[in-house]
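Dear colleague,

Please find the structure below, together with an account of what was found in it. I would be grateful if you would read the two side by side.

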Amino acid sequence: MKLSAKHYVGAAVLLFGAFAPLIINPYELSLLGRFLALSILAMGIMLIWGEGGILSLGQGVFFGLGGYALALHLKLEGLDIANGDMPDFMTWSGVSALPYFWYPFANPWFSLACVVLIPGAVAAAFSWLVFRRRIGGVYFALITQALALAFSTLLISQQAYTGGFNGLTDYSTFDGFDITSTGAAQVIYWITFAFVVAAYFTLRWLLSTRWGIMLRATRDGENRVRFLGHNPLPYKVGAFTIAGILAGIGGALFTLHAGVVSPALVGVVPSIEMVVWVALGGRNVLWGAIAGTLLVNFAKDQISSALPSLWLYGLGALFIFAVSFLPAGIAGLFKPGSPEERVYRRILNRRKLETAE
Amino acid sequence: MQESAFLLGQVFNGVSVASLFVLAALGLALSFGLMRVINMAHGEMLMLGGYLAYMTLSVVPGPLGILVALPVAFLGAALLGAVLEFAVIHRLSARPLDTLLATWGVSLVLQQAARNLFGAIGVQVIAPTWLNHTVTLHSGPFSGLDLPFTRLFILLVAAIVLGAIALLLNKTRLGLYVRAVNQDRPVAAAMGVNARLVDLLVFSLGTGVAGLAGVILALLGPVTPTVGQSYIVPAFLVVILGGLGSLVGTTIASLIIGLFTALIEIFVDVSVAQVLLLVFVIVFIQFRPQGVITVRSRALEG
């Protein structure tokens, strides 16, 4: 195999990612870790939206399910629940006994399994119910938005069981390991990085298989797929389930990095923001989803702390700009033959001419 | 006796909520039928209507200010809708999902603009005194039932708007064009209907009606930058249940959703009611995936 510039860039990014804890300072590392966790979710959006043509405005729900599944355990860590110990916020809300559904989460392995299983199962059931009646496109997007709204309002209103608006926070150990020290932050970063790399290569492989071809075929002509004798349902439900699982894993890792999971991260607005990361980065390219997530979130971190109102204008403008003028995202600029690439090349050529003169 | 009055009061509430939903969803449903696009900034048209009512009432105080505010809000929201259609939606209409995202961007910008102009807390519109009455039925089977004038006013506005739009769609030449484009755009265009203009007119008519809904919202509570968001998700569900661009379907779907919410809230709190509403919609589409009113057509892909 001949190595091209693409491979060298890829290798350089991988090396930087792997050695980032030794290069950048702990604050930047914590941000990078969070945003990489989010990029796992973004790759799921790329799978369903870019390759499957399914726009979900409710990925925050699966992100939240994963995050809460882990946070439930982290809250119980170190408590003697057999003797009636309860998380602090329950005591404040006047709950007399630990709710039954919290009990199994005392086991770390159960909780880790739930990070994958609950978002996966909810995503599979929900998408099957909707897609089996051939409801898709705009309708599906609107229903997922209603799902995000219902989920976040439920979390907020059930204060005594979910921590309400503040969410679940203030935890220090996982299975006996301290998770707040600098060393632990590096380990969590490496775990996140490993998940990003694993998700990237798994999805790359998956999209190159027959299943990936069928998914794209369903996106481009669902009825033609049916006429050719295939059932598009398994491809759509399968893709949505995988995206849900990726969002759940991302949510759990984000919870570890940020030390908090709250309804503010799972509602209608954050869910739709997730889509714009992928829209800007490039919905048909996996690295585009990661790049878009990092770019938008680092920009948000810089702008929103200094000028919060400017950030919302900027985000709104970004939505309009990205879908109107950059439908293939930033990644489209590098894709040979795309309209964006032609614009990009024209700009480059003009610059060359100017320097030649 | 007391219980039946309470139940009936809840039904009345449901109907009045439904009339708000129908005003909010009408524009969405009509443009969705024509162009297959959903305007996520539609909720901000309600917000705009509310703020326009607030401004009109500060210019024209007195008992009839609200009657001036209605046409002002209609025209203001219709104008903004026309600009939005021309500048964003028309350009993207071949890509419905992208239109959704771009109009969401518009909605964020409008919300933030309202926050900067009027403040995040919101403004209060004081309902005129002639709306501050309540009719209480003292005799008959429904004795004890309270009917606040504000709610009756909402019903009246919704009924007038629905009647006017039904007349427009069924009795005028423009309505004929709208129905033609709705059924088959290429053929209608080939017959000389200016489909582009029909899109623009229907879209701005829809946003204008949302502006009217905004005035009514202003009578019920403070106008905040996010006031539209709380009504827009039920309005989307109305569009899903209503079927493609059908006036009757949208009305029935609004009634279903309004009554369902009002009646379920007797038993559970508001947040659980929201979850149950979503469950209800998902169950409903298992039986009628095309909505309450199905427009028969030979098209394979609607």
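In which loop of chain A is A:Asp170 found? The loop that holds A:Asp170 lies between strand S1 (168-169) and strand S2 (173-174) of chain A. Helices (H or I, at least four residues) and strands (E, at least two) are DSSP runs, numbered from the N terminus.

Some conventions come first. This is a predicted model, in which local features need pLDDT of at least 70 and side-chain atom pairs count only at pLDDT 80 or more, while totals for chains, interfaces and linings use all residues. Residues are numbered from 1 along each chain as its sequence is written, and chains are lettered from A and ligands numbered from 1 in the order in which they are written.

Two residues with positive phi

A:Asp170 is not a glycine, yet it has a positive phi of about 65 degrees. A:Asp170 counts as partly exposed because it has 13 C-beta neighbours inside 10 Å. The cut-offs are these: a residue is buried if 20 or more other C-beta atoms lie within 10 Å of its own, exposed if 12 or fewer, and partly exposed in between, with C-beta atoms placed from the backbone.

In chain B, B:Arg36 also has a positive phi, of about 60 degrees, although it is not a glycine. B:Arg36 is found in the loop between helix H1 (2-35) and helix H2 (42-59) of chain B. It has 18 C-beta neighbours inside 10 Å and therefore counts as partly exposed.

Chain A

The secondary structure of chain A consists of 16 helices and four strands. Its radius of gyration is 22 Å, close to the 21 Å that the globule rule gives for 357 residues, so chain A is as compact as a globular protein of that length. The radius is taken over C-alpha atoms, and the rule is 2.2 Å times the number of residues to the power 0.38. Along its principal axes, the C-alpha trace of chain A spans about 80 × 55 × 45 Å. Of the 357 residues, 45% count as buried. Among the contacts in chain A with a separation of 6 or more, 79% are between residues 24 or more positions apart; two residues are in contact if their C-beta atoms, placed from the backbone, lie within 7 Å.

Two helix pairs in chain A

Two packed helices are described by the angle between their axes and the distance between the axes. The axes of helix H12 (residues 268-281) and helix H14 (residues 308-325) of chain A come within 9 Å and cross at roughly 40 degrees, which means that H12(A) is oblique to H14(A). Axes are lines fitted to C-alpha atoms, for helices over the stretch in contact, and angles run from 0 to 180 degrees between N-to-C directions. Angles under 35 degrees count as roughly parallel, over 145 as roughly antiparallel, 65 to 115 as roughly perpendicular and the rest as oblique. From H12(A), the contact is made by A:Val276, A:Ala279 and A:Leu280, and from H14(A) by A:Leu318, A:Phe319, A:Ala322 and A:Val323. By class, this contact has seven nonpolar, no polar and no charged residues. (Ala, Val, Leu, Ile, Met, Phe, Trp, Tyr, Cys and Pro count as nonpolar, Asp, Glu, Lys and Arg as charged, and the others, Gly among them, as polar.)

The axes of helix H9 (residues 210-220) and helix H11 (residues 233-258) of chain A also come within 9 Å, but cross at roughly 105 degrees. H9(A) and H11(A) are therefore roughly perpendicular to each other. Here A:Trp211, A:Met214, A:Leu215 and A:Thr218 in H9(A) meet A:Tyr235, A:Lys236 and A:Ala239 in H11(A).

Chain B and its side towards chain A

Chain B has eleven helices and two strands. Of its 302 residues, 48% count as buried. One of the residues in helix H4 of chain B is B:Thr99, which counts as buried because it has 25 C-beta neighbours inside 10 Å. B:Thr99 and B:Ile38 are 61 residues apart in sequence and 7.2 Å apart in space, C-alpha to C-alpha.

Finally, 34 residues of chain B are in contact with 37 residues of chain A. H4(B) gives the most to the side of chain B that touches chain A, with 14 residues. By class, that side has 22 nonpolar, six polar and six charged residues.

Yours sincerely
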